[in-house]
Every structure is written in structure tokens, then in C-alpha cells.
Amino acid sequence: MTVGPGVGIGNVRADAESDASVIARSRDEPEAFAALFDRHADAVHRYVARRLGGEVADDLVAETFTTAFQQRHRYDPDRGGAGDDARPWLFGIATNLVGRHRRAEARRFKAMARVPALADHDEPLADRAADRVVARAVRRELAAALAALPARHRDVLLLVAWGDLGYGEAAQALGIPVGTVRSRLHRARGKLREALGGSDPTALREVSDHE
């Protein structure tokens, strides 16, 4: 089956259905699964693209939803207290696929860390601003710090900060206890603060908002 936007029947009906209901219905009506792609593909793509770049993200998003479709009969909406939201399940699949590209991800962050900050004369006069220079410096330091994190800590941090998952959702996505999520998140944030001179990076949302 090819899963893509605009594919399937009963789109109006699917829009009113929960993710869990769509997945359950797709077991007998495979084309209904396209509604899940329509709802969540963009969010999954943004998450993967920030980790691996847009070109790789295109392929991994397609693989994420192909894998999800193949495993839809095993989807359990009650696992980890997910309820009707399939995002933790989808982000968990995507994160597992990202795991096959650990070296590429580390190289990407290291390359970002080496990009020099622009001096004032490198930008048009109308665009010169101190906050832009600071933002570029933060991005470089942040990329270096992310590259240095253990993969298991980086997964938790980025699922919460870039995937917009709560603690319980991240735990479900990774198949680990919530306490482990909290521990890894605490250590990851500590490393980032240290790398950024004691400040939380503006590129990463305050994860406590998702508790």
C-alpha cells in the first residue's frame, strides 16, 4: 500500500475520528490509514529533518508510515496511557529509524557547530542586529552540545523539545519508564546548560511545559 496525503475514503468521517479509531478501522479498510498520514506526516517530517536534514527526512517519513501501516494490527492505544493519540507510536518508529543514522546525525551537528558566525558586514545593513549574531552563536554551541550527547539522552531531549511530546509520551515512544525519561532529560539539559554558559538554549523549548 502507498500511503500519502489525500488518499483514502471517508475523509470527512476520518477527520472526526480519533487516531486509535482510524487505526482500528484501517485493519479492515486499509485505505483509511491515509488519514493518519494526513494528520501527522508534517510533524514527523519536521522532527526528523531537524535531526538528519530534509533529504533524509523525506525517505524516513515514508518508511515511518510504511512501518506503522505494516504494524497497525499490533497497535495498542492503552499501552503507556497513550489513549487515542498515535503520535508517541509514530515518533517512536521514527526515532528507531533515526537510530540507524547515528553517525550521520553526529556529523550533521558537528558540521553545524563549525559554521562561523556572520560578522556585521557579512549581512545587508537592514538585517544587522545583535540578536541575530547571538542566535547564530547559540545554534553553533547547541549543535556541538547535541553532537556530544549520548544517543539515548539525545533521543529523549529531542522527542520532548522538537517532537513536542510530554514525558509520558516520550516514555511510550522509546519503551522506557517515565522515571528514565526524567533522568535522561535532566542530564541532557545539564550538559546543554554547561555548553551554553548556564543558559537554556532558545532553540529548545522549556521541556517542563510538557509535564
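Among contacts (heavy atoms within 4.5 Å) between residues at least 6 apart in sequence, 67% join residues at least 24 apart in this protein chain. The model is a predicted one, where local features need pLDDT of at least 70, side-chain atom pairs count only at pLDDT 80 or more, and totals for chains, interfaces and linings use all residues. Residues are numbered from 1 along each chain as its sequence is written, and side-chain values use heavy atoms, leaving out hydrogens and water.

**The chain as a whole**
- You will find ten helices and zero strands here, counted as DSSP runs (H or I, at least four residues, for helices; E, at least two, for strands) numbered from the N terminus.
- Of the 211 residues, 43% are buried (under 20% relative accessible area, with a 1.4 Å probe, protein chains only).
- The accessible surface is about 10,900 Å², and carbon and sulfur atoms hold 49% of it (Shrake-Rupley method, 1.4 Å probe).

**Where H4 meets H5**
- Helix H4 covers residues 54–70 and helix H5 residues 87–98; their axes come within 9 Å and cross at roughly 125° (lines fitted to C-alpha atoms over the stretch in contact, with angles from 0 to 180 degrees between N-to-C directions).
- On the H4 side, Leu-60, Glu-63, Thr-64, Phe-65, Thr-67 and Ala-68 touch Trp-89, Leu-90, Ile-93, Ala-94, Leu-97 and Val-98 of H5.
- The residues of this contact divide into nine nonpolar, two polar and one charged (Ala, Val, Leu, Ile, Met, Phe, Trp, Tyr, Cys and Pro count as nonpolar, Asp, Glu, Lys and Arg as charged, the others as polar).

Notes:
Buried means under 20% relative accessible area, exposed over 50%, partly exposed in between (1.4 Å probe, protein chains only).
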